[in-house]
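Work through the exercises below with the sequence and the structure at hand. Each task is followed by a solution in steps.

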Amino acid sequence: IVTQLLINRGVVDPFEAEQFLKCEISELYDPFLMKDMDLAVNRIKLAAKEKEKVMVFGDYDVDGVTSSAILYNVLTRLQIEVVNHIPHRMDDGYGLNDDVIRQAKKCNVSLLIAVDCGITAIEQVRAMNEKGLDVIIFDHHEPSSEGIPDAVAVVDPKRPDCPYPFKHLASVGLVAKLAMAVFGEIDEETLGLTALGTVADVVPLRGENRILVKEGLVKLECINNKGLIALIEIAKIKNKKLNNFHIGFVLGPRLNAAGRMDSAHESLSLLLTKDEKQAHELAAKLDRLNNERKKIQNDIIKEALEIVEREINFHEHKVIVISKEGWHKGLLGIVASRITEKYYRPTIIISLEDGVGTASARSIQGFHLHEALSHCNQYLERFGGHKGAAGLTIKEENIDCFRDLINDVAKDSLEIKKLVPTLLVDCLLRLTDLNMDLVSIINGMDPFGEGNPEPVFYTKNLRLKGKPRLMGRDTIKFWVTDGERVISAIGFGMASYNAMVLSAEKMDLAYNLSIDDWNKAPTVQLKLKDIRISADIANTEKKERLLGRS
């Protein structure tokens, strides 16, 4: 079973399997294998020697903020004076902008280090060079077809000439590798911040990302960062064993809320403060901003759904492109994700202001968003991103032409069958295969997330044993048997399946493995992903071939 799980995740030889399961920090690659890492380290050490002032220019999301915090700590350990700058999402937009040069010169900065942005800023870097400002870039996004900016160092494993073996580090991972290059190791606080930024940026949890997150989650639980301690406390997850859920749905949204609703400097200040009182004040503010974000976000989602139902012709539009005046720019990515989830189509949400649209885009499996936008470049002012998510700027007058063109692009790559969400099942199991040892081994494959999903199993032709119970908010629990063993199954948010379960002669279940230890010794439990009524044996076997990945 475990071998099949590893193969399904692209782990196909014993050595790689051992690395995957051991997941030890000693397996991290030498940071100097990365193109330009030596140039970046040498320039930073020169700045320390010459007593230069350095500006850290970071993006406004969790990856950018955690990258900025780690870089600030690295530079200050080298006795370098640092000026932090994060652009305002609504006022400045994404990435390096023309105002940066003026601010850098005003602060007497001679070196600017951009994190989580800059790989496409060819013109901006050229302008900085002309003004005598050196630039270093740490970015994990795709380079543009025009080439690499003419900076002192451009550290990005996705650049074509970079030999680094692992291409999927988030920017916070790149800065952690800088810390490793400078000091020979990655300290505990850096590991905790790296886990935070990596999970929040939804990069594949494979290779080095898997190692950094697994190590970092342990460090987060006992981290000595006053801001994170306060945030964990106000989020009511103190003394809990932290996992990816707590980053993705508890801590990450609160850190992101500042950049979405106001200035991400609030989040950066939280991560850097040494004052306990200020830490609690900032954590409380991020919590308030997050609640405000949720209310405005829900209003926009409601409006967006109404526009989709009214304007989108699903026979013609494989890509949803909608726009409206005045939508909050900081929430477009979340809205695009929700629309994508509901309709299972790539979605681009555009907020209009004074004839210019700012947009966020989210994609589905089988549609490379960045490549598609490259084919539509003639209608865009600027764009950036990767396979699954992107941002762009467009003039209002070009939206209709852009919508038509990106849908033409989608016709060649998105067949109708790709527009139906698919539950990928790892393997078929019997109930007798399930035991606590298997659960323990699977838990050892954690952390789960992008690129390493929690294993999904499938058991067919099960009979209901007893009557289902409805529990809490929309949860169903029942017992099933295959004639040899009885086991419990729980479906969170699946109470609507109650009638189906009661009426089914036999049912097929897709599930994750979990542990039921409520007032008893721990036993294996099925955490349901989906339920269907069993077909006849011939149809069932045919569907297995369609569902299985092996």
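**Exercise 1.** Is K295 buried or exposed? Then describe the salt bridge between K295 and D299.

Solution. The model is predicted.
Step 1: K295 has a relative accessible area of 56%. Exposed means over 50%, so K295 is exposed.
Step 2: the relative accessible area of D299 is 41%, which makes D299 partly exposed.
Step 3: in the salt bridge between D299 and K295, the closest N and O atoms are 3.7 Å apart.
Step 4: D299 and K295 both belong to helix α13 (residues 276-311). They are 4 residues apart, about one turn of the helix.

**Exercise 2.** Find which residue R159 meets in a salt bridge, and state where the two residues lie.

Solution. 
Step 1: the side chain of R159 forms a salt bridge with that of D36, at 3.0 Å from N to O.
Step 2: this pair links distant parts of the chain, 123 residues apart. R159 is in the loop between β5 and α7, and D36 is in the loop between α2 and α3 (37-49).
Step 3: buried means under 20% relative accessible area. R159, at 8%, is therefore buried, and D36, at 12%, is buried too.
Step 4: D36 and R159 are linked with D161 in a network of salt bridges.

**Exercise 3.** Describe the salt bridge between R43 and D134 and how accessible each residue is.

Solution. 
Step 1: the closest N and O atoms of R43 and D134 are 3.0 Å apart.
Step 2: R43 lies in helix α3 and D134 in strand β4 (residues 134-138), 91 residues apart, so the pair links distant parts of the chain.
Step 3: R43 is buried at 9% relative accessibility, whereas D134 is partly exposed at 26%.
Step 4: a search of the whole structure gives 24 salt bridges.

**Exercise 4.** Which backbone oxygens does the side chain of R9 reach?

Solution. 
Step 1: a polar atom of the R9 side chain lies 2.8 Å from the backbone oxygen of L5.
Step 2: the R9 side chain also reaches the backbone oxygen of P453, at 2.9 Å.

**Exercise 5.** Which residues form a negative surface patch, and where is E397?

Solution. 
Step 1: the patch is formed by E325, D354, E381, E396 and E397.
Step 2: E397 sits in the loop between β10 (389-395) and α16 (399-413).
Step 3: with a relative accessible area of 64%, E397 is exposed.

Definitions and conventions: Residues are numbered from 1 along each chain as its sequence is written. This is a predicted model: local features need pLDDT of at least 70, side-chain atom pairs count only at pLDDT 80 or more; totals for chains, interfaces and linings use all residues. Side-chain values use heavy atoms; hydrogens and water are left out. Patches are made of residues with over 30% relative accessible area and no salt bridge: like charges are joined within 9 Å, nonpolar side chains (Val, Leu, Ile, Met, Phe, Trp, Tyr) within 5 Å. Accessible areas come from the Shrake-Rupley method with a 1.4 Å probe; for residues, only the protein chains shown count as cover. A salt bridge is a side-chain nitrogen of Lys or Arg within 4 Å of a carboxyl oxygen of Asp or Glu. Lys and Arg count as positive and Asp and Glu as negative; His and the chain ends are not counted. The place of a charge is taken as NZ of Lys, CZ of Arg, CG of Asp or CD of Glu. Buried means under 20% relative accessible area, exposed over 50%, partly exposed in between (1.4 Å probe, protein chains only). A polar contact is a pair of N or O atoms within 3.5 Å; within protein, one must be able to donate a hydrogen and the other to accept it, and residues adjacent in sequence count only if both atoms are side-chain atoms.
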